[in-house]
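Morning, everyone. I have one structure to go through today, so please have the sequence and the coordinates open.

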Amino acid sequence: MTENEVFTRVVKIITPFAKNTAALGTANVSTRILEDLSVNSARLVDIILAFEDEFNIAIDDDAADRVRTLGDATHMIVSKATH
Amino acid sequence: MNKPRVVITGMGVVAANASGLKDFGEALRETRSGIRFQPKLKELGFACQVGGIPVGIEERKKEYFSSDALLAMNSSMVYAGIAAVDCWRDAGFSYELGTPPANVDWDTGAVIGTGIGGIDTVGEIVIPRVNEGQVRRMGSLTVEQTMASSVSASVGGTLGLGGQVTTNSSACTTGTEAVVSAFNYVREGHAKRMIAGGTEGSSHYIWAGFDAMRVLARGFNDRPEQASRPMSASATGFVPSSGAGVLMVETLDSALRRGAKIYAEILSGALNCGGQRTGGSMTAPNPEGVVRCIRQAIASSGIQPQDIGLINGHLTATMADPLEIHNWVRALECKAENFPLINSTKSLIGHGLGAAGGIELVASVLQLQQGFIHGSVNCEDLHPKLETIAKSVVHATRASDVRILAKASFGFGDVNGCLILKYWQN
């Protein structure tokens, strides 16, 4: 699974939570999940659960807290999926 | 100082037989039933397998709310939200999906009640997850769907309301109580407008307890449209239903200043409790409380009992119907032959519980404003105790020039609510 593939799936998972749908169209690894996509901060826990289900991984609270951008999410998932 | 007059300047409705004011008005005129056989109730072994569930909502809700918002909206919130947005627009304000109001409206609040609340979320998500030891897997979506105020909080956020935003709960009186509360709130000058009414979700978890109490209709599972039989000798209980009905309650001064359309004037509202004494209990009304509530509403309205042209009753199709009529006769201090016309909207849509008062108030205002009285169906075999007021029962839809309407709701807890509405000549 390449980083590009993971990134695409990450964006798809976050899409229903994003209030700023226009920003999804130009999303890149630097896109900030809360600020740029206008995701309600309370929904981060739901996004983390969705990552766990999608990629069959476990994400502890510390790892979840470090996710700020789409790139952070992608890297974390790739690193956990390859361990 | 005289208190300001209060009018209704907008309405929204999601009901079992129709959604939206236009279709709901037509459904009332046509005496269209919203009661259907519900396979899920049969599967679960309910004695009553019919109910009222608004149709087309899964598609319609996407026209009102973003995918993000819908993630945390159960059925009672969706019904309240659609009805509130419709009411807001009907009152002359704008709301567009994707570009909701940017600023807070400090002049408008909301009191939107629910009888049972988000028990569908509790039953489908909270209890299974917690019992499995999977609390973490619930995610963030449950609290905002199960807190009692979820139905008003979501509306407040959707529309950017800055007045008091709250949820009331008084069983089957809820929707009417909300409108009386809003009436009092704006009359006291706390806000120019309040969006007020009630909502109730569609869930077998909500309806199960009533089925177990044996107060739901039995024997009509193969004839759903005949199951809701208020005032009938063959009534066997109420038909559970769901939906939402809300009204924009506004000071007359504010309405006139902004050139708003006015549907009707609220002359008065009264709320009380029978104290669960003298025949009253948690589940039955103290007749003295009911009579006092109606009389209090009339006394503060400035009208005389004989001015009331139509009663939109609570009338659920239980053994309490004859008692309700008896209480109305006592409260109005009239001879049976002079009793006003009366109908039951529940004969068409069943009993919407916490939504009942709100939906039925929308029905009441439409009838008053549009000059008709909808037929109260399924009581051709009138209960023998109602023979003395038989000519007052409206069986088929008719034109009307009624100018004063009384609407009452009664609920578990021995609580009562009554509103007196007056036709508005634009």
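Of the 83 residues in chain A, 27% are buried. Keep in mind that this is a predicted model.

Let me stay with chain A. There are five helices in this chain and zero strands, and along the sequence the pattern reads α-α-α-α-α. The globule rule gives 12 Å for 83 residues, and the radius of gyration of chain A is 12 Å, close to that value, so chain A is as compact as a globular protein of that length. Along the principal axes, its C-alpha atoms fill a box of roughly 35 × 25 × 20 Å. As for contacts in chain A with a separation of 6 or more, 53% of them are between residues 24 or more positions apart.

Now one helix of that chain, H3, residues 44–55 of chain A. Does its length agree with what its residue count should span, or disagree? The helix has twelve residues, and at 1.5 Å a residue these should span 16 Å; the end C-alpha atoms are 16 Å apart, which agrees. Which residues of H3(A) are buried? They are A:Asp46, A:Ile47, A:Ile48 and A:Phe51. The cover over these buried residues includes helix H1 (3–14), helix H4 (61–65) and helix H5 (70–81) of chain A. After H3(A) comes A:Asn56, with a positive phi near 55°.

Next, the contact between the chains. Chain A contributes ten residues to it and chain B contributes eight. On the chain A side, six of the residues are nonpolar, one is polar and three are charged.

Last, chain B. Here we have an open sheet of ten strands with mixed pairing, in the order S5-S4-S6-S7-S1-S8-S14-S13-S9-S10. The edges are strand S5 (165–166) and strand S10 (341–343) of chain B; each has a single partner strand, so one side of each is left without a neighbour in the sheet.

Further in, strand S1 (residues 6–14) of chain B runs antiparallel to strand S8 (residues 264–273) of chain B, and three bridges join the two. In that pair, B:Val6 stands opposite B:Ile266 in S8(B). Helix H15 (residues 356–370) of chain B packs on this sheet. The strands that H15 touches include S1, S8, strand S6 (193–200) and strand S7 (243–251) of chain B. Its direction makes about 60° with that of S7(B).

That is what I have; questions are welcome.

Note on methods: Residues are numbered from 1 along each chain as its sequence is written. Chains are lettered from A and ligands numbered from 1 in the order in which they are written. This is a predicted model: local features need pLDDT of at least 70, side-chain atom pairs count only at pLDDT 80 or more; totals for chains, interfaces and linings use all residues. Two strands pair if DSSP finds at least two bridges between them. Helices (H or I, at least four residues) and strands (E, at least two) are DSSP runs, numbered from the N terminus. Two residues are in contact if their C-beta atoms, placed from the backbone, lie within 7 Å. Axes are lines fitted to C-alpha atoms, for helices over the stretch in contact, and angles run from 0 to 180 degrees between N-to-C directions. The radius of gyration is taken over C-alpha atoms; the globule rule is 2.2 Å times the number of residues to the power 0.38. A residue is buried if 20 or more other C-beta atoms lie within 10 Å of its own, exposed if 12 or fewer, and partly exposed in between; C-beta atoms are placed from the backbone. Ala, Val, Leu, Ile, Met, Phe, Trp, Tyr, Cys and Pro count as nonpolar, Asp, Glu, Lys and Arg as charged, and the others, Gly among them, as polar. The expected span of a helix is 1.5 Å times one less than its number of residues.
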